[in-house]
Amino acid sequence: MISTPENDKILSLTDPRLDKSSPAQIIKDLNLPAVAVESFSGYAVDALPDATQGSWSMRALGDNDTLKSVMSELELTKTSEKLLKDSAIEQELKHLKAGAYILTQVVDGSLQQLIYAKNKTEAYIVSATDEGFTGHWENDVFEVRNSKVAFSVKHSIPRDGKAAGLSKSLIRQISQVFQQDVDFKRGVKVGDKIGVIFEDFVYQGESIYTDKILAAEYASSKNTFQRIRFTLEDGKTGYFRPDGDTELKRTAFDRKPLEGRMSSGFGMRRHPVFGLRKNHAGTDFAAPRGTPIHATADGSVKFIGRQGGYGNVIELRHSEGVSTLYGHMSGFKDGLKSGEKVKRGDVIGYVGSTGTSTGNHVHYEYRINGEPQNPMTVELPKVGIMSEPEMHAFKNFASAMGEQLADLRKLALVDKPATGQTGG
């Protein structure tokens, strides 16, 4: 319908009385583009590649990571060289932030997109074009969210987990998370219920990569187990039971000061040098000369130096009357001296064959109030895994996750991610 100048009369465009001279009959061809082009502030913008194509990989960044090192791990070395030829991209990706993520989309062997996710909302997106690569910063287009899935076992965990929308990586993690609780070879029964809360990387509205499980529950007809992922102050991460106070302790000592072959055990033996039967007060571990020797627990240096048949030796003082001794060293860690504190796993010296010895090894003793004990069988003291502040933070986090897991238990599926996701 149109309004005409004549008495504001309304005419229908389909009115047969209109002749060809009527303004309503005038038709003009417009020079329009064949394909619509998105624009922003009046400038054409290249459309990003489809996020659902190909496969995605993800790499969390460490302190010393560079684009070259990350791309090398992802087997994209040649691509990284092309990327860094673009001065703008090279400048933006020159200094990568530890704790951030690099995600890559590869289609038919070629990089289509690279996302440097600096945090949960800010990301630098590199995409392939006909001319090479282009990059720009975006806000709020990339999201890391907690997704939830629950399912009942009808056939098997891999089959039912996949049908529920879990990636292969998450399905593998289920057995790792509950390895101390469930016999996955013989103990899985039809009707068992599994709920998981996991990190989900979402881009262009698509779940492109699923990462670590944050919390999980396994409920059978007899038992219900929950595990919560938590990172300690020392950087170590584990899956802990929210109600397992006894589990929140660990042995205070390692059994061995290095990963070597045990060449001589504790107790009576024929001495390799003197040929006499004599009590061996420790355990020997053979290893190449210069192999690092580690403190088996937190403590302080009681003695460091030369000591008869032990050769170069270090004795450490620990709590509750326990001491450990490390003998036949080729040398000590630079700067280590009597009275200095050491942490479990710290390097204190190096394998050698000093003193009364027939070959390169470390002689290791574990003593309680000066009396030697068998390091391989003695009951080791336990220490709390978490400090008081850590325990408080864990309990709060576990409580919130536990409520979500309880809700998941009642549902067959909650917040199901896109089953077409390619990551993870």
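This is a predicted model: local features need pLDDT of at least 70, side-chain atom pairs count only at pLDDT 80 or more; totals for chains, interfaces and linings use all residues.
Residues are numbered from 1 along each chain as its sequence is written, and side-chain values use heavy atoms, with hydrogens and water left out.

Switch to a cartoon view, where the protein shows six helices and 28 strands (DSSP runs numbered from the N terminus, helices being H or I of at least four residues and strands E of at least two). Of the 424 residues, 41% are buried (under 20% relative accessible area, with exposed meaning over 50% and partly exposed in between, for a 1.4 Å probe and protein chains only).

Next, select residues 77-84, which form helix α2, and find the buried T79, S80 and L83. Seen down the axis of α2, the buried residues fall within an arc of 100 degrees, so they line one face of the helix (the arc is that of the directions from the helix axis to the C-beta atoms). K78 and K82, on the other side of α2, are exposed. The cover over the buried residues of α2 includes α1 (67-73), α3 (87-92) and β7 (110-117).

Now move to the open sheet, whose five strands follow the order β10-β11-β12-β13-β14 with antiparallel pairing (two strands pair if DSSP finds at least two bridges between them). Its edge strands, β10 (142-152) and β14 (237-240), each pair on one side only. Select 193-203 and 206-219 to see β11 and β12, antiparallel strands joined by 10 bridges. Helix α6 (residues 388-409) packs on the sheet, touching β10, β11, β12, β13 (224-231) and β14, and its direction makes about 135 degrees with that of β13 (contact means heavy atoms within 4.5 Å; axes are lines fitted to C-alpha atoms, for helices over the stretch in contact, and angles run from 0 to 180 degrees between N-to-C directions).

Finish at K212, which lies in strand β12. K212 counts as buried because its relative accessibility is 18%. The side chains of K212 and E199 are joined by a polar contact of 3.2 Å (a pair of N or O atoms within 3.5 Å; within protein, one must be able to donate a hydrogen and the other to accept it, and residues adjacent in sequence count only if both atoms are side-chain atoms). Leaving aside residues up to four places away in sequence, K212 touches several others, among them Y101, L170, R229 and Y239.
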